[in-house]
Amino acid sequence: MTTDHFPEEEYQRMIKRCVRCSVCKWIPQVQIKSQKYASACPAIDIYNYHPYSGGGKIILALAYEMGRIKPTEELRDIVYKCTECGNCAIACKYMNTLEPLEIIMRLREKLVKVGCGPMPKQQEYIEVVKKLNNPYNEPHKKRTDWISDDIKLDPSAKMLYYVGCTSSYRRKEIAIATVRILNAAGVNFNILKDDEFCCGSPILRTGEINTFEEFMNKNLDMIESKGIETVVFSCAGCYDTFKVDYNLRRKYNFKVLHTTELFDMLIDSGQLKLKKDVPLKVTYHDPCHLGRNAERYEDWDGETIQLMPLVSINIPPKSKRIGTKGVYDAPRNILKKIPGLELIEMERIQEYAYCCGAGAGVKSAFPDMALKTAKLRIEEAEDTDADILVSACPFCSTNLQDGIQDSGSKLKYYDISELILIAMDIEPKRSNKTTNEVI
Amino acid sequence: MLKKEILKEFQDIVGSENIDDGDVMTNAYAYNWCIEFVNYMEGKDPIPFSPVPKAVILPSTTEEVQKIVQLCNKYEIQFKVQSTGLGPWNQPSTDNSIILDMRRMNKIVKIDVKNLYAVVESYVSGAQLQAEALKYGLNVHMPGAGPMTSPLASHTSMAGPGFTSPQTGHSARNVLGTEWVLPSGEILRLGSIGLKSNPDWFSGDGPGPSLRGIMRGWMGTKSGLGVFTRVAIKLFPYPCNTKFIARGHAPMYDFEIPDFIRAYVVDCGNFKNLEKIYLRINEEEIALICSHMSNFAIMAIFSYTIESLMDKIAFGGIKKPLLVVIAARTKREFDYKQKVIDLLMEELNLTNIIGIKYDPPSNFYAECLRANLGYHGFIATGGFQSTKGQCDTAALCIRTEKKNIPIKKNYIKREVIVNDFGEGAWMTSYESGHYFHMEVPTLYDQTSLESVKGMAEYMELSNQLDLLKHLGIPFFIEGDKLHDEWGPLLMNYNKWLRKIKEAFDPNAVSDSGFYISGKNQSDLKNE
């Protein structure tokens with residue numbers, strides 16, 4: 001289903017307008033603080049050829065539409081070697097009106113339609129999701145294995161914690177920390193247990209829209225049938241998918257929150273008490289799906305009028321989706337409220353943060369690219385002189401920890417929920433090992 | 001595609017992952033901005049694709065570049081070089097070319113703080129170099145194209161006027177020692193880096209060989225005469241305090257405005273006043289930026305969308321605007337500069353719009369310092385290009401602007417270019433002297449065939465006007481056809497240029513689409 005926010009005619013118009021300026025390869029020009037960390041795009045950093053950049057993929061889209069190139073493996077490899085992190089779009093839209101990320105996603109949809117996508121490894125996990133409701137090839141009934149007896153759930157609660165596949169099966173420490181914090185704060189909530197299914201994000205990002213929409217409908221039907229008012233996510237990917245991608249396709253009437261937003265509110269209201277000194281130097285990695293990509297498309301019901309020949313304007317002005325409304329403050333507020341903790345920022349933060357390297361099926365199809373990207377981000381974190389790298393996404397968690405391990409870095413990784421637990425003087429429960437069997 | 005055995009030889013130089021001759025890759029490299037009207041002007045389909053290169057190769061060292069060029073000579077394959085790649089000049093002109101994408105040559109080799117220069121490879125961007133130079137209180141000249149472009153490309157191969165030209169000059173003047181892989185495959189080191197004993201980069205014109213005129217001349221050879229791999233460029237004292245902090249979110253960052261910086265938009269009223277105050281400001285050497293632009297362009301540099309451009313209506317009524325930005329390191333210096341400009345305005349009875357009718361967002365100052373203002377030219381239609389390219393006295397630059405207005409208005413009336421009342425121009429001084437630069441940015445729609453055709457015709461007429469009215473050489477006199485039209489009127493310079501090309505590139509391997517081809521090649525084309 002093509003959504004109204006980016007009609008096909010808009011796509012056709014935009015792909016003719018790249019000015020090939022290379023702005024998409026860098027973070028916004030006025031934010032460049034060093035040569036080393038000026039870059040925005042993992043794909044161009046690793047593969048170097050222009051088509052790997054956001055602008056390069058716009059050119060591919062045009063060349064494809066013009067019949068100059070065919071749907072070949074060569075094309076597929078370039079188009080799928082992209083984490084869809086959207087950093088190119090932030091840089092481009094600083095001044096331009098193109099939508100590089102939307103164009104990349106649409107190009108993938110088009111390749112899927114002609115049987116040229118997704119990548120074989122991605123197709124494998126899509127089949128697994130169809131069968132088992134998760135991409136990790138784990139039995140559906142094991143989705144709740146992380147739940148211990150001491151966790152308090154309230155079946156009548158109007159708040160739902162949507163755990164997501166990665167925290168359910170691979171990064172259980174995040175799910176455990178989340179529910180312990182909620183319990184400690186006295187929040188009434190429930191989880192869907194066996195009625196929770198993959199949010200569909202890893203499917204959507206490959207361009208396989210039909211399967212994604214099946215899962216979207218399953219999840220929305222289930223949540224709506226329970227009269228839920230608020231859904232909370234500890235996974236940035238699930239959060240973005242519900243908040244932005246579901247909302248584009250099917251309106252729903254519950255509120256969505258990332259746990260960092262909820263925890264920040266709970267700290268402010270006094271329900272969560274951070275009492276223990278945590279004397280750590282910490283740097284925070286903004287997950288793409290919690291930051292720039294978690295900004296909703298604003299409905300626009302205006303008119304495009306020709307101001308003068310060749311110049312059209314939108315009345316009222318169409319809001320530019322440029323990452324401004326991502327969740328940046330809540331995690332930083334939390335970290336700043338942890339006693340004794342020192343937050344040191346990396347050079348690339350907020351809407352121009354560098355990607356961890358795992359998203360959009362890259363971890364599965366191109367594990368080398370995912371690992372190289374993670375190591376680039378680890379290096380940036382190390383350069384802050386922090387001891388701890390913290391983030392708020394189980395998917396970033398896995399890939400960044402893989403990067404730490406592979407590079408032999410002394411950095412330690414924590415999810416922000418684990419740091420909160422420490423500050424609450426509760427020992428977090430960590431899994432002993434990380435695993436690479438992820439998307 | 002390349003023949004397998006030739007591809008193998010290139011792979012042996014750079015490794016198989018650094019050369020690609022696939023259809024997808026090569027077609028992607030055939031695209032560029034403005035190629036559609038270049039194609040139209042050459043009688044081809046007005047599509048945004050040039051001839052498709054046979055392969056794209058990514059060298060990482062000067063030695064690899066040398067071997068690639070030698071191989072091109074051996075197999076008579078042309079090469080086209082690009083760094084950050086903005087503009088049609090990066091495109092091959094024949095289907096017998098490979099593209100050298102210099103992306104892997106991305107090192108800042110050296111920042112010599114004491115002697116005020118930096119040595120960079122091809123793919124260092126202006127913003128990257130400025131960010132590093134800033135750590136030493138230094139600044140770099142950046143061309144109007146913006147901070148995302150390559151200083152090496154601008155300094156060796158392109159024109160290079162920029163918004164900060166009153167203080168930082170222009171690229172042709174700022175180039176020092178240069179490492180150059182000639183079309184023959186020899187490596188030539190120009191200036192002091194060419195010395196046998198104690199070579200260093202500090203000078204481009206001796207001690208050691210100086211061939212700057214041949215190497216780049218005024219407009220650069222745009223890859224028509226070999227490959228530049230490393231270059232030393234001048235650095236300048238940063239004009240104000242070096243804290244460069246932009247908080248908040250894109251695009252309207254909350255920039256911490258340095259203590260001593262101030263913008264003026266002077267309503268000059270007429271060309272006469274514009275010229276007077278322009279000359280006086282430059283005589284006094286007080287401006288970081290001193291640019292004459294159209295009202296439309298002034299509105300654009302304060303805007304991030306076409307809709308927000310409409311809010312800048314305060315600028316609609318002013319005539320012959322002049323943007324001046326002064327910056328200083330001390331209060332005393334700042335007070336002096338303000339006093340001078342205030343006195344000049346008083347003397348000529350001119351007004352400053354800034355602070356009275358409009359206050360710029362703080363991010364405007366970040367963009368002034370990072371030389372990002374030119375990029376605002378894309379917000380109206382997404383497509384623009386400059387005609388003219390005058391480099392002369394203020395009087396001649398203004399005369400050129402005036403003469404061009406009726407031609408431009410004619411094409412505005414035909415609705416093929418955007419209506420800036422014919423007055424769209426950008427003019428700056430170089431080094432605060434008597435020497436000025438003027439070009440005429442023109443907005444068009446690259447997706448409209450009529451607009452592309454109109455833009456191309458307008459550009460040709462505009463060039464011819466310069467010939468008829470003796471206004472000087474336009475910016476983009478490139479390629480055999482235009483050089484051969486202009487040469488006979490200008491002491492047959494084209495013949496000399498052609499001799500240089502023949503001497504340096506005997507096998508015609510360095511793609512001359514935007515330079516000039518050797519005699520034999522040119523004759524062949526004519527036949």
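In this predicted model, helix α3 of chain A (residues 54–65) packs against helix α6 of chain A (residues 100–113). The angle between them is about 45 degrees, and their axes lie 9 Å apart. Angles from 65 to 115 degrees count as roughly perpendicular and those under 35 as roughly parallel, so α3(A) is oblique to α6(A). The crossing of the two helices is left-handed. On the α3(A) side, the contact is made by Gly54(A), Gly55(A), Lys57(A), Ile58(A), Leu60(A) and Ala61(A). On the α6(A) side, Pro100(A), Ile103(A), Ile104(A) and Leu107(A) take part. By class, this contact has 7 nonpolar, 2 polar and 1 charged residues.

Beyond its neighbours within four places in sequence, Val325(B) touches Ile261(B), Ala263(B), Ala287(B), Leu288(B), Ile289(B) and Cys368(B).

Chain B gives 58 residues to the contact and chain A gives 49 residues. On the chain B side, two or more residues come from each of α2 (23–28), α5 (126–134), α12 (306–309) and α14 (362–369). The largest share, 5 residues, comes from α2(B). By class, the chain B side divides into 29 nonpolar, 18 polar and 11 charged residues.

Technical notes:
Residues are numbered from 1 along each chain as its sequence is written. Chains are lettered from A and ligands numbered from 1 in the order in which they are written. This is a predicted model: local features need pLDDT of at least 70, side-chain atom pairs count only at pLDDT 80 or more; totals for chains, interfaces and linings use all residues. Axes are lines fitted to C-alpha atoms, for helices over the stretch in contact, and angles run from 0 to 180 degrees between N-to-C directions. Helices (H or I, at least four residues) and strands (E, at least two) are DSSP runs, numbered from the N terminus. Angles under 35 degrees count as roughly parallel, over 145 as roughly antiparallel, 65 to 115 as roughly perpendicular and the rest as oblique. A crossing is left-handed if the near helix is turned anticlockwise from the far one by less than a right angle, and right-handed if clockwise. Two residues are in contact if their C-beta atoms, placed from the backbone, lie within 7 Å. Ala, Val, Leu, Ile, Met, Phe, Trp, Tyr, Cys and Pro count as nonpolar, Asp, Glu, Lys and Arg as charged, and the others, Gly among them, as polar.
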